[in-house]
Amino acid sequence: MADGQESPHALAARFLAHLEGERRYSPHTIKAYGGDLEGWLGFLSRHLGHVPSRADLNRLTATDWRAWMADRRREGAGPRTLQRALSAVNSFYAWGRTRAGLDNAALGLVEAPKAPRRLPRPVSEQAAKSMLATAEARHGEAWIGARDAAVLALLYGAGLRISEALALKVRDHPLPDALRVTGKGGRVRLVPVLKPVRAAVEAYVEACPFPLEADSALFRGARGGALNAREVQRAVEALRGALGLPSSATPHALRHAFATHLLAHGGDLRAIQELLGHASLSTTQIYAEVDTARLLSLHAATHPRARRRA
């Protein structure tokens, strides 16, 4: 089909390919955007009474857009889901403006509801230490315990996302003092690797029973394939039960703890932004709110005047 006749569904497929190939969005984000666009186009088919054409996309009114938002709410979509769906459609139009002549002024009038800001829930310093210390001894197979301890050490000691830790290859070993990490959006950053973290990875490599070839995954599952995130999540679930930790103690909570504990000990917010690979400082500033909330809670619990009022 000629470009001028390309259907909205075909345009959406091209847009997702652009996000994957050129913008290097994560598979999770691409899947979410794809679902949002498919749902939106499906709504338009029902709402308009026919499969939408490219011209239809340019003719949508504010009433049409509000009807879509209302339809999503009836389906049970919350504020964050609506924000993401609107972001997906806005990004699609921004991409299609120069490539396919997409333009809809009414879209700029649509606002998604504001979602309450949720603070990260990091584990405490003591809980983080206990998780790392217990991970190695918890499993019956010593090499799996060493593997779990090494992965968690990278999350807490280097602030890696779980996907970044599991993306490491055998050729990355032995880990350097500063590890080059490719994060979200293809952003590359240098992350200092502490000596205990390097030692934990070294202990795992020495214990791993499988051949470790340069281009293969560094961390292996029980059968020798690449370790997946769900296996790490299960290991942390077992640790929660063993240590009596809350359900908020997840692998990602260790990354939150990395940032929060650095800040609590005098770390610079800009430096923490670089270490985490955040594109915007505003994303990192939420950890300052976590630390402030902790200090206020501590003050209320321990100050003599506060206790007297209670």
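Colleague: What do the buried residues of helix 9 pack against?

Modeller: Helix 7, residues 142–158, is what they pack against. Bear in mind that this is a predicted model.

Colleague: Which residues of helix 9 are buried?

Modeller: V197, A200, V201, Y204 and V205. These residues span an arc of only 135 degrees around the axis, so they sit on the same side of helix 9.

Colleague: And which are exposed on the other side?

Modeller: K195, P196 and E206 are exposed there.

Colleague: How far does helix 9 reach from its first C-alpha to its last?

Modeller: It reaches 18 Å over 13 residues, 195–207, and that is close to the 18 Å expected at 1.5 Å a residue.

Colleague: Where is confidence highest, and where is it lowest?

Modeller: Highest in helix 9, with a mean pLDDT of 96, and lowest in helix 14, residues 304–309, with a mean of 51. Where pLDDT is low, the predicted coordinates should not be read in detail.

Colleague: What about the mean for the protein chain?

Modeller: The mean pLDDT is 87, and 88% of the residues reach 70 or more.

Colleague: Back to packing. Which residues touch the most other members of the largest nonpolar core?

Modeller: V123, L154, Y204 and F219, out of 42 residues in that core. Helix 6 (125–138), helix 7, helix 8 (162–166), strand 1 (178–182), helix 9, helix 10 (229–243) and helix 11 (251–264) each give two or more residues to this core. Helix 7 gives the most, with 12 residues.

Colleague: What is V123 in contact with, leaving aside neighbours within four places in sequence?

Modeller: A128, M131, A249, A253, L254, A257 and H261. There is also another core lying apart from the largest one; this other core has 32 residues, including L37, L44, F92 and V110.

Colleague: Different topic. Where is E6 found, and is E6 buried or exposed?

Modeller: E6 is in the segment before helix 1, which covers 8–21. E6 counts as buried because its relative accessible area is 13%, and the cut-off for buried is under 20%.

Colleague: Which side chain does E6 make a polar contact with?

Modeller: That of R14, at 3.0 Å.

Colleague: Last one, for the protein chain: how many helices and strands are there?

Modeller: There are 14 helices and two strands. The protein chain has 310 residues, of which 42% are buried. Taking contacts between residues at least 6 apart in sequence, 61% join residues at least 24 apart.

Terms used
Residues numbered from 1 in each chain as written. Predicted model: local features only at pLDDT ≥ 70, side-chain atom pairs only at ≥ 80, totals over all residues. Heavy atoms only, no water. Helix = DSSP H or I, 4+ residues; strand = E, 2+ residues; numbered from the N terminus. Expected span 1.5 Å × (residues − 1). Buried < 20%, exposed > 50% of the residue type's maximum accessible area, 1.4 Å probe, protein only. Arc of directions from axis to C-beta. Contact = heavy atoms within 4.5 Å. Core = buried A, V, L, I, M, F, W, Y, C linked by side-chain atoms within 4.5 Å. pLDDT = per-residue confidence, 0-100. Polar contact = N/O pair within 3.5 Å; in protein donor to acceptor, adjacent residues only side chain to side chain.
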